[in-house]
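User: I am new to reading protein structures. Can you take me through one, feature by feature?

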Amino acid sequence: MEELLYGVAYYDEYMPVERLQTDSRMMKEAGINVVRIAESTWGTLEPSDGKFDFSHVDRVLEVMHKVGIKVIVGTPTYAIPTWMARQYPDILAVTPSGQRSYGARQNMDITHPDFRRHAERVIRQLIGHVKDHPAVIGFQVDNETKHYGTSGANVQKAFVTHMRGKYPSLEVMNHELGLDYWSNRINSWEDFPSVNGSINASLNGEFSRFQRGLVTEYLAWQAGLVNEYKRPDQFVMQNFDFEWRGYSYGIQPDVDHFAAARAMDIAGVDIYHPGQDDLTGTEISFGGDMARSMKDGQNYLVVETEAQGFPQWTPYPGQLRLQAFSHVASGANMVAYWPWHSIHNAIETYWKGLLSHDFKPNPTYNEAKTIGADFKRIGDKLVNLKKNHQVAILFSNDALTGFNSFSFGWDATENYNDILRPFYDALYRLNVGVDFVDPSSKNIEQYKLLVVPVLYAASDELLQRLNDYVAKGGRIVYTFKSGFANENDKVRVVQQPGLINQVVGVQYSQFVLPNKVSLAGDPYQVGDDNNSVSHWMELLTPTTAEVLARYEHPVWGQYAAITRNQFGRGSATYIGFMPGTELIEKIMLQALEEAKLMGPDQQLHFPLIVKSGVNQRGRIVHYYFNYSADAHTFSYPHAGGVELLSARPIKSGSTVTLTGWDFKIIEEATVKQ
Amino acid sequence: MEELLYGVAYYDEYMPVERLQTDSRMMKEAGINVVRIAESTWGTLEPSDGKFDFSHVDRVLEVMHKVGIKVIVGTPTYAIPTWMARQYPDILAVTPSGQRSYGARQNMDITHPDFRRHAERVIRQLIGHVKDHPAVIGFQVDNETKHYGTSGANVQKAFVTHMRGKYPSLEVMNHELGLDYWSNRINSWEDFPSVNGSINASLNGEFSRFQRGLVTEYLAWQAGLVNEYKRPDQFVMQNFDFEWRGYSYGIQPDVDHFAAARAMDIAGVDIYHPGQDDLTGTEISFGGDMARSMKDGQNYLVVETEAQGFPQWTPYPGQLRLQAFSHVASGANMVAYWPWHSIHNAIETYWKGLLSHDFKPNPTYNEAKTIGADFKRIGDKLVNLKKNHQVAILFSNDALTGFNSFSFGWDATENYNDILRPFYDALYRLNVGVDFVDPSSKNIEQYKLLVVPVLYAASDELLQRLNDYVAKGGRIVYTFKSGFANENDKVRVVQQPGLINQVVGVQYSQFVLPNKVSLAGDPYQVGDDNNSVSHWMELLTPTTAEVLARYEHPVWGQYAAITRNQFGRGSATYIGFMPGTELIEKIMLQALEEAKLMGPDQQLHFPLIVKSGVNQRGRIVHYYFNYSADAHTFSYPHAGGVELLSARPIKSGSTVTLTGWDFKIIEEATVKQ
Amino acid sequence: MEELLYGVAYYDEYMPVERLQTDSRMMKEAGINVVRIAESTWGTLEPSDGKFDFSHVDRVLEVMHKVGIKVIVGTPTYAIPTWMARQYPDILAVTPSGQRSYGARQNMDITHPDFRRHAERVIRQLIGHVKDHPAVIGFQVDNETKHYGTSGANVQKAFVTHMRGKYPSLEVMNHELGLDYWSNRINSWEDFPSVNGSINASLNGEFSRFQRGLVTEYLAWQAGLVNEYKRPDQFVMQNFDFEWRGYSYGIQPDVDHFAAARAMDIAGVDIYHPGQDDLTGTEISFGGDMARSMKDGQNYLVVETEAQGFPQWTPYPGQLRLQAFSHVASGANMVAYWPWHSIHNAIETYWKGLLSHDFKPNPTYNEAKTIGADFKRIGDKLVNLKKNHQVAILFSNDALTGFNSFSFGWDATENYNDILRPFYDALYRLNVGVDFVDPSSKNIEQYKLLVVPVLYAASDELLQRLNDYVAKGGRIVYTFKSGFANENDKVRVVQQPGLINQVVGVQYSQFVLPNKVSLAGDPYQVGDDNNSVSHWMELLTPTTAEVLARYEHPVWGQYAAITRNQFGRGSATYIGFMPGTELIEKIMLQALEEAKLMGPDQQLHFPLIVKSGVNQRGRIVHYYFNYSADAHTFSYPHAGGVELLSARPIKSGSTVTLTGWDFKIIEEATVKQ
């Protein structure tokens with residue numbers, strides 16, 4: 001890409017009044033240069049079976065092209081039309097809690113042959129219809145695709161077929177998945193019961209993996225269809241999203257992001273986050289790092305993010321700017337709001353767009369105009385930012401599924417992301433740039449420091465690879481439960497932590513739930529309030545490791561809590577419990593120092609957030625964000641250059657002041673060597 | 001009516017032992033002069049299909065008549081017999097959560113043809129059987145009727161037929177209801193999906209309105225049947241109830257009270273309320289004001305209220321009297337307890353009647369005897385009390401449905417009544433007499449002050465009518481979200497607050513959730529604890545309005561919170577957030593003063609509650625209630641007269657003392673001019 | 001039995017690796033002398049319909065026998081194989097919340113003819129196969145059997161048949177169950193609706209009793225089959241369990257323990273309990289007292305208890321010993337852990353066994369070795385301990401069902417066990433040995449003190465029996481709601497407390513929920529924090545009773561809260577509310593003193609717990625347990641003897657010190673007279 005894209009989702013179909021000319025003008029005035037259309041509009045595109053009506057698409061393309069706004073066209077498949085639900089009642093997915101109703105989006109069985117047949121037809125019709133239009137720069141396949149829990153008879157049948165292909169025999173399958181337990185043994189493929197009632201985490205893990213595979217296959221199938229039509233200058237992408245907690249929180253449990261992204265030309269993501277006093281930028285950074293990592297460091301598109309959003313998100317003055325440039329600072333080449341205007345009825349009425357329901361300029365729209373202007377003015381120095389991070393977090397959907405099957409016990413509500421995110425957040429607050437890797441990544445070995453939260457389920461091969469990484473000089477920070485089970489969620493029979501115990505230099509065979517436990521002697525000097533041991537507690541005995549912290553407890557005080565072990569040319573830290581925010585930061589600082597990764601950016605700390613990269617002119621660009629309402633001052637430590645927003649030169653060592661929610665962008669003067 | 005009715009529900013059918021003679025004697029001793037029978041006894045009245053047995057009814061009529069107790073006979077249709085459930089399994093209503101089970105009452109599809117056919121037969125048989133009995137003074141059709149969520153295939157079919165009749169074309173319907181959103185467009189009536197899964201608030205609003213219409217039609221149908229039989233001196237009524245929160249709380253969401261009451265000769269209601277230390281009289285007043293308003297100020301019947309009730313309601317000494325006379329003070333002509341005796345098994349065992357399970361006199365029964373005696377002694381001066389209120393609250397079932405679709409956000413649990421009730425309660429505590437009006441009311445314009453909480457969904461016509469009301473001198477207090485959407489729950493495209501913005505003289509296009517927000521400078525002097533802004537917060541900009549309060553907040557401090565605007569000969573107050581109890585009282589006082597509605601009763605305040613009206617002798621009667629355990633003293637401000645309970649004269653300006661839970665009733669000496 | 005059994009559950013079928021030889025050796029080293037096998041392994045025993053494979057059973061029998069470990073063989077019926085679920089889909093129980101899924105255990109309809117047919121065949125095959133093996137000492141039928149809520153059409157049909165047999169006519173049934181209420185009257189047996197939707201507590205009570213009867217019948221049927229095969233020296237038992245609250249809490253609602261135990265040779269129970277700082281020994285005592293009482297004081301087997309268990313249970317050093325000997329001190333002849341090794345996948349992965357997943361010795365296993373050694377060394381002095389308790393608690397499954405239908409009101413979550421357990425716990429803390437009796441017990445009259453919590457539903461016959469017991473010199477402590485309803489959950493029409501009011505010398509007809517109520521004047525001197533009245537409050541008026549406590553409340557202060565009445569040669573205490581822990585202890589102390597049951601053991605108090613009995617050598621054995629982490633010292637008050645663990649003599653009056661979680665066992669020197 002040659003310029004930053006500044007976009008909105010636009011639904012001519014939903015308009016209560018004629019708006020197209022006025023909207024295109026107001027967009028233009030705000031610097032909007034791309035709109036995303038057509039996803040979720042199947043009911044309008046194909047009002048009855050086989051009857052297509054592209055009038056909304058055509059008129060949007062025409063008007064947008066006229067004013068010079070580009071268009072991304074989405075396949076409309078994630079919300080099925082009423083006629084389809086009537087003709088094929090079983091297209092509505094059967095899930096463990098029953099069949100889905102018509103009304104909501106994302107309620108279909110994505111494997112259903114009739115759904116697929118109709119989806120293929122509408123995709124071919126739509127893409128064939130628009131592909132030659134000069135305004136169209138790319139395509140989105142489906143939207144926020146997941147498997148929606150589809151697990152009816154046909155999915156079960158496909159799963160059994162999959163298992164027959166995967167396992168050489170029932171004997172092997174029964175053994176690998178431990179099905180003898182509670183008489184669940186399957187002695188004939190015909191007997192294979194629905195997985196929906198299973199209490200076997202291994203079988204459930206297989207099924208979850210299979211369901212994620214359905215998403216990968218479905219998206220690749222759609223991309224393949226689009227690829228048959230698209231021009232060489234057009235791209236195909238999907239809008240991936242994250243574990244949802246009222247906002248984009250963590251790893252998406254239902255999709256293998258790295259696998260599903262392979263069929264795409266470019267990564268696209270949804271990033272929604274808390275706002276007003278709760279705005280921290282963490283999700284912007286997290287979602288961006290994940291999106292960038294999906295396609296090996298390639299720049300990505302923020303396909304949806306909030307403009308006004310929910311009432312609790314409506315940005316304070318300055319925050320919309322802060323958010324937009326934060327996306328770009330993480331490597332985004334597009335920032336697009338959902339949606340242009342606020343929806344006038346139905347479930348998303350209070351998820352407001354850039355315009356309110358009255359379509360008039362408002363403070364948020366007015367601030368967007370300044371962003372559009374700045375993107376145009378200095379965007380060529382910001383677009384295509386490249387990163388070269390030394391630290392990666394290893395995540396795993398298999399580990400996620402495995403851990404979540406048990407969490408910290410039967411009443412516990414914490415899931416995998418409750419462990420992963422605090423580690424990510426600590427690095428964010430320390431201004432350490434992070435990539436993500438998963439077990440399929442080829443580039444794990446390139447990092448100087450690997451953070452591995454709760455790698456519950458992992459193959460021998462993966463653990464051996466991590467052992468080799470340390471032996472050859474790598475550094476790992478592991479948490480509790482890593483190595484505990486194999487890729488089938490069977491707990492390893494060997495000494496825990498399984499297969500990595502020599503590398504981490506500790507062993508344990510018992511674990512408890514901490515109750516009034518802290519770290520003895522406050523070794524990280526975080527004070528009583530932050531020194532507590534929570535959620536889980538492995539009773540670690542060092543073999544070769546150095547003890548960094550012990551538990552303070554009348555009975556368990558003999559055991560280690562955090563250890564570090566030299567192994568080969570590298571080292572591994574092992575954390576036997578769930579630390580709080582402050583402790584994690586201190587443990588991470590210790591690991592960063594050891595890995596010689598402390599730099600000038602680590603002198604600053606949240607709410608001062610630093611991001612950097614190399615722009616397409618080969619110069620390093622530094623972003624300094626103030627994620628607070630208070631002013632902050634710091635000394636600029638890097639080579640001199642130009643503050644791009646003000647176009648003023650800045651010297652190394654200069655004092656910089658950021659007012660509340662403000663930011664600066666500094667391009668170094670000389671090209672990076 | 002010529003006397004106050006003092007009644008009980010009586011179920012000879014449920015008696016574990018023979019009680020009729022003894023009960024009638026004990027009733028007589030307590031002054032009970034009416035019993036309500038037969039509702040919910042279908043299984044006894046028609047033990048098998050077509051076989052009728054009126055023996056319980058007959059013997060109750062005979063014995064009651066003998067001792068001079070009147071009888072109200074209920075149609076038995078709200079609990080179906082076992083044989084019906086077996087013969088017509090699909091009479092049990094299909095709801096969004098599945099088909100109802102047999103066992104509970106109110107589980108049937110009130111539109112089912114077989115149910116209707118059998119209901120008609122039993123009604124004709126029963127009413128035909130008893131109509132000529134001299135003890136029978138009236139009839140109740142069904143009981144606490146609602147639609148019970150019925151939404152199976154037949155209801156869906158009727159709804160589609162209704163929609164075909166309502167909308168000129170699918171095109172119009174799709175547009176009006178915004179069905180293009182998420183592909184929900186309906187292009188053929190045959191495709192119309194079940195509304196149960198809909199995420200479209202407009203469509204759901206239509207269906208809710210249709211469901212409430214089913215109740216109106218069903219009750220009118222029953223009343224029509226009864227009317228074929230009843231004597232001119234007999235009445236037909238229904239026992240309406242309220243939103244239930246363990247007691248009668250607010251507007252009934254599932255019934256259009258005003259519409260359904262039209263087919264009735266007289267309004268009847270259930271009023272259950274907290275007791276003991278939590279007794280405030282608010283629900284007695286609220287339910288009474290609603291019942292009286294249902295039939296344009298006509299007196300009403302309290303068909304059910306608690307005697308002992310739940311263990312937490314068992315009245316303190318004096319409270320049963322306080323409650324009974326509070327009903328009469330609101331305009332009730334009957335106070336009836338549910339039930340006479342406590343039920344000996346099944347779900348309502350602990351919802352105790354006037355007698356405990358032992359059928360012996362108890363403190364509550366003994367107190368009832370004094371009430372019965374007083375009703376007899378002075379009832380002719382209390383019955384048929386007429387009101388002439390200057391203040392009304394405008395409620396709307398459409399606004400209720402619309403607001404509740406969204407509340408204050410996805411996690412919010414507040415509903416429409418959580419906004420309406422605090423406004424009602426404030427007026428109650430200020431001793432301001434209130435009527436209710438709804439959009440169908442012809443008499444809205446007669447009031448000097450109209451309180452309009454959260455009129456979320458409203459037609460242009462209604463809003464224009466309210467604008468005209470102000471222009472001609474009326475006064476309105478609006479809350480946030482009023483005017484926001486049209487009658488189809490589509491947010492208005494015009495400047496908010498939609499259609500009323502000129503009248504209220506403010507505009508806004510953004511709203512947020514308040515977080516540590518208060519009113520700047522405590523303009524109502526309620527102190528820090530009561531000055532907070534909660535739940536919702538519109539960022540108001542006055543156009544012509546005077547600002548009564550601004551928000552205290554580092555960012556939103558520029559916006560108005562409460563405004564008042566002169567428009568034509570009237571004025572309108574607009575409240576952009578949800579105030580607490582104290583603030584609402586102060587805002588109401590301000591509006592009352594402006595409307596010149598402050599009188600001597602406003603010198604008193606809860607727990608001293610004042611009610612008044614004109615009795616059938618043309619004299620003003622004043623009630624003074626002490627809703628607390630402590631004694632209170634006040635100066636009687638009205639014209640001299642007689643305290644009716646003591647039969648002692650009282651002069652204007654006399655000092656009156658009320659002991660805990662006590663009350664006085666003063667009839668002015670001279671006929672009202 | 002001649003020796004204490006020390007056992008584990010062993011599943012050769014579930015082993016991820018070959019373990020049998022090593023495991024048997026490690027068991028032997030730990031003193032394990034019995035393993036329980038085969039329950040829940042139907043899928044392995046009969047991998048396809050009619051094809052049996054006893055290889056796992058055979059090899060375990062062979063190896064265990066070789067090392068001298070005995071075996072208990074369980075019928076495998078509580079988890080059905082996959083082929084059965086496929087062949088007979090309706091074997092999966094239909095419950096009020098729908099049909100159960102395949103996957104979990106205990107999901108079948110235990111009345112289903114096909115299930116029964118297959119269960120009979122596998123039982124006959126298995127028991128026939130193993131009965132002659134010399135290692136086999138006994139059999140377990142099924143496991144933790146309950147009715148699993150089975151209530152589909154076939155169960156409903158059987159229930160109707162049962163009711164036809166029980167009641168002489170529908171007329172009688174309708175009257176007894178109060179079915180006229182809400183038209184639930186049944187006028188034809190064909191009309192009998194499914195009980196699943198019933199709101200009638202009487203009918204629900206009948207159905208619950210019927211469902212418990214299904215369990216009794218099913219277990220007796222299995223025991224009958226086993227009895228056809230078993231040798232005279234072999235026993236048959238069932239593993240009963242308790243109301244589950246994450247551990248074994250109270251009376252099992254779904255099984256009539258006393259009735260079901262009749263078909264067994266010996267009682268067996270599951271006892272799981274909190275651990276670490278929360279270890280109190282209460283559940284060990286409670287479960288043991290119940291198990292012992294099931295078979296009239298006969299010794300029992302602890303078939304399952306925790307070794308490491310959940311992470312929050314992993315024992316502190318010393319606790320595993322404390323627990324094991326506490327079981328024996330209550331009369332257990334076997335203590336068996338579930339399971340030997342920790343399960344490597346599926347739902348119970350974190351319910352750890354004696355070994356961790358690594359199969360290596362760990363601190364818990366190492367401690368077990370000392371227990372095994374001690375059992376072997378001194379077991380002959382501990383086994384077959386006999387008790388002669390003077391105090392019994394009367395429980396009733398009918399009262400449980402009845403009370404739970406209503407609890408303390410519609411929002412209340414307390415159930416019957418929330419009342420029973422605090423009374424049990426108080427006696428435990430006071431070191432008072434307790435038996436349990438139920439209405440079927442023949443030996444109620446033998447006790448000096450009977451504690452009767454919330455005997456909600458009871459027949460005239462039972463209450464008359466209790467009245468006679470008092471008249472003849474017995475002492476009863478009743479709580480609120482006792483006598484309230486008859487055996488059909490119909491509230492008694494007579495003066496409350498029904499049928500017992502003369503014996504307790506009080507009457508009431510009203511009850512309320514206490515709100516800021518305490519006992520006037522703190523009569524038990526427990527201090528403000530412990531003197532509160534909660535949950536329920538009957539307004540008691542003494543007739544002949546002495547008032548022990550009155551309520552402190554502005555209105556209810558005239559009523560009694562606790563009374564005592566002399567009746568005939570005995571006396572009865574009546575408690576009108578739910579007291580807290582401290583109050584219950586004081587009330588119990590008062591009752592014990594009156595019954596002259598205070599002895600030297602009552603000088604000690606929890607955490608010092610005393611248990612005693614007479615061993616098979618005719619000597620009294622005293623156990624002193626320290627259920628705390630702190631050391632405690634006391635003076636040994638009984639006759640001199642030998643401390644068995646140390647084999648040191650001890651004199652009466654000696655000072656004994658117990659360190660944290662420690663215990664002593666003293667055998668008196670002389671045979672009991």
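**Reading the model step by step**

Analyst: C:Asp489 lies in the loop between strand S16 (475-479) and helix H16 (501-504) of chain C. We start there. Keep in mind that this is a predicted model.

User: Is C:Asp489 buried or exposed?

Analyst: Count neighbours. A residue is buried if 20 or more other C-beta atoms lie within 10 Å of its own. C:Asp489 has 30 other C-beta atoms within 10 Å, so it is buried.

User: What is the phi of A:Trp182?

Analyst: A:Trp182 has a positive phi of about 50°, and it is not a glycine. Look for A:Trp182 in the loop between helix H7 (170-176) and helix H8 (201-227) of chain A. A:Trp182 counts as buried because it has 25 C-beta neighbours inside 10 Å.

User: Now peptide bonds. Which form does the bond from A:Trp338 to A:Pro339 take, cis or trans?

Analyst: Read omega. The bond from A:Trp338 to A:Pro339 is cis, with omega near -25°. A:Pro339 sits in the loop between strand S12 (332-338) and helix H12 (363-378) of chain A. Then turn to chain C. The bond from C:Trp338 to C:Pro339 is cis, with omega near -20°. C:Pro339 is in the loop between strand S12 (332-338) and helix H12 (363-378) of chain C.

User: Let me step back to a whole chain. How many helices and strands are in chain A?

Analyst: Chain A has 17 helices and 32 strands. Its radius of gyration is 26 Å, close to the 26 Å that the globule rule gives for 673 residues, so chain A is as compact as a globular protein of that length. Its C-alpha atoms fill a box of roughly 75 × 75 × 40 Å along the principal axes. Of the 673 residues of chain A, 58% count as buried.

User: How do contacts in chain A relate to sequence distance?

Analyst: Take the contacts between residues at least 6 apart in sequence. In chain A, 74% of these join residues at least 24 apart.

User: Where is B:Ser326 found?

Analyst: B:Ser326 is in helix H11 (residues 319-329) of chain B. It counts as buried, with 26 C-beta neighbours inside 10 Å. Leaving out residues up to four places away in sequence, B:Ser326 touches B:Gly281, B:Ile284 and B:Phe625.

User: How do I read two helices that meet?

Analyst: Begin with a single helix. An α-helix has 3.6 residues a turn, so residues three or four places apart point the same way. Now look at a pair. The axes of helix H5 (residues 113-130) and helix H8 (residues 201-229) of chain B come within 9 Å and cross at roughly 30°. That makes H5(B) roughly parallel to H8(B). The crossing is right-handed. H5(B) brings B:Glu120, B:Ile123, B:Arg124, B:Ile127 and B:Gly128 to the contact, and H8(B) brings B:Gln222, B:Leu225, B:Val226 and B:Tyr229. By class, five residues are nonpolar, two are polar and two are charged.

User: How many residues of helix H13 of chain B are buried?

Analyst: Helix H13 (residues 397-406) of chain B is mostly covered, with eight of its ten residues buried. Among them are B:Leu400 and B:Phe403. The cover includes H8 and helix H14 (416-429) of chain B. After H13(B) comes B:Ser407, with a positive phi near 45°.

User: Last, chains that touch. How many residues does the contact take from chain C and from chain A?

Analyst: The contact takes 46 residues from chain C and 39 residues from chain A. On the chain C side, H4(C) gives the most, with four residues. By class, that side has 23 nonpolar, 17 polar and six charged residues. Chain C also meets chain B, where 39 residues of chain C are in contact with 46 residues of chain B.

Technical notes:
Residues numbered from 1 in each chain as written. Chains lettered and ligands numbered in written order. Predicted model: local features only at pLDDT ≥ 70, side-chain atom pairs only at ≥ 80, totals over all residues. Helix = DSSP H or I, 4+ residues; strand = E, 2+ residues; numbered from the N terminus. Rg over C-alpha atoms; globule rule 2.2 N^0.38 Å. Buried ≥ 20, exposed ≤ 12 C-beta atoms within 10 Å, placed from the backbone. Contact = placed C-beta atoms within 7 Å. Axes fitted to C-alpha atoms, helices over the stretch in contact; angles between N-to-C directions. Parallel < 35°, antiparallel > 145°, perpendicular 65-115°, else oblique. Left-handed = near helix turned anticlockwise from the far one by under 90°. Nonpolar A, V, L, I, M, F, W, Y, C, P; charged D, E, K, R; others polar.
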